[in-house]
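Take a look at the picture first, then work through each task with its solution.

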Amino acid sequence: MSTRRTFLLLAGAAAVAGIGYVALPRGPAGPALDAAEAFRRAEAGEILLVDIRTPEEWAQTGSPAPAHRLDMRRKDFLAALSDLAGGDPSRPIALICATGGRSARLARALEQAGFSQVFDVAEGMLGSSAGPGWIARGLPRVPG
């Protein structure tokens, strides 16, 4: 196994294990959904939408109405996500954060950890260059 690949696998595993998202792999983003499509697909039961932000962020803005809250810093994040997915690593999962940075990096790490269908809600809750964001689109939220 190459040194680069070993490093990326270890960085992804460390991040998913709760050591910190600073070590998450960087590089091209995988498949992305805009907020409206993520909402539609989550409501239809086609994807598991997961808000990976912190409790402080949830308190400030609320969370997407169909999302499960799972702080990516949890030490048991990978196990908790697996439980949410019913133990099925092929279940489609969409990750949302504030502006798409953390969700994109974590999506790549989860793919390296064996999840096969991980989507990034690239515009996030607050908006980014990918789009206006969940809040600006007026999509439903639950209070923090």
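A charge is said to sit over a ring if NZ of Lys or CZ of Arg is within 6 Å of the ring centre and within 35 degrees of the ring normal. The model here is predicted, so local features need pLDDT of at least 70 and side-chain atom pairs count only at pLDDT 80 or more, while totals for chains, interfaces and linings use all residues. Residues are numbered from 1 along each chain as its sequence is written, and side-chain values use heavy atoms, with hydrogens and water left out.

**Exercise 1. Find the residue that lies over the face of F119, and describe the strand that holds this ring.**

Step 1. R41 lies over the face of F119, at 5.2 Å from the ring centre.

Step 2. F119 belongs to strand β6, residues 118–121. Strands (E, at least two residues) and helices (H or I, at least four) are DSSP runs, numbered from the N terminus.

Step 3. F119 and V121 point one way from β6, and V118 and D120 point the other way. In a regular strand the side chains alternate between the two faces of the sheet.

Step 4. These four residues of β6 are all buried, where buried means under 20% relative accessible area, exposed over 50% and partly exposed in between, with a 1.4 Å probe and protein chains only.

**Exercise 2. Locate the aromatic pair and say how its rings are arranged.**

Step 1. Rings of Phe, Tyr and Trp (its six-membered ring) pair if their centres lie within 6.5 Å; planes under 30 degrees apart count as stacked, over 60 as edge-to-face and the rest as tilted.

Step 2. Searching the whole structure gives 1 aromatic pair. Its members are F39 and W134, edge-to-face, at 5.9 Å centre to centre with 85 degrees between the planes.

Step 3. F39 is in helix α2 (residues 35–43) and W134 in the loop between β6 and β7 (141–142), so the pair links distant parts of the chain, 95 residues apart.

Step 4. W134 counts as buried because its relative accessibility is 0%.

**Exercise 3. Is T54 buried or exposed, and what does T54 touch?**

Step 1. T54 sits in the loop between β2 (48–51) and α3 (55–61).

Step 2. T54 counts as buried because its relative accessibility is 12%.

Step 3. Leaving aside residues up to four places away in sequence, T54 touches D71 and R73, where contact means heavy atoms within 4.5 Å.

**Exercise 4. Count the helices and strands of the protein.**

Solution. The protein has 5 helices and 7 strands. Buried residues make up 47% of its 144 residues.
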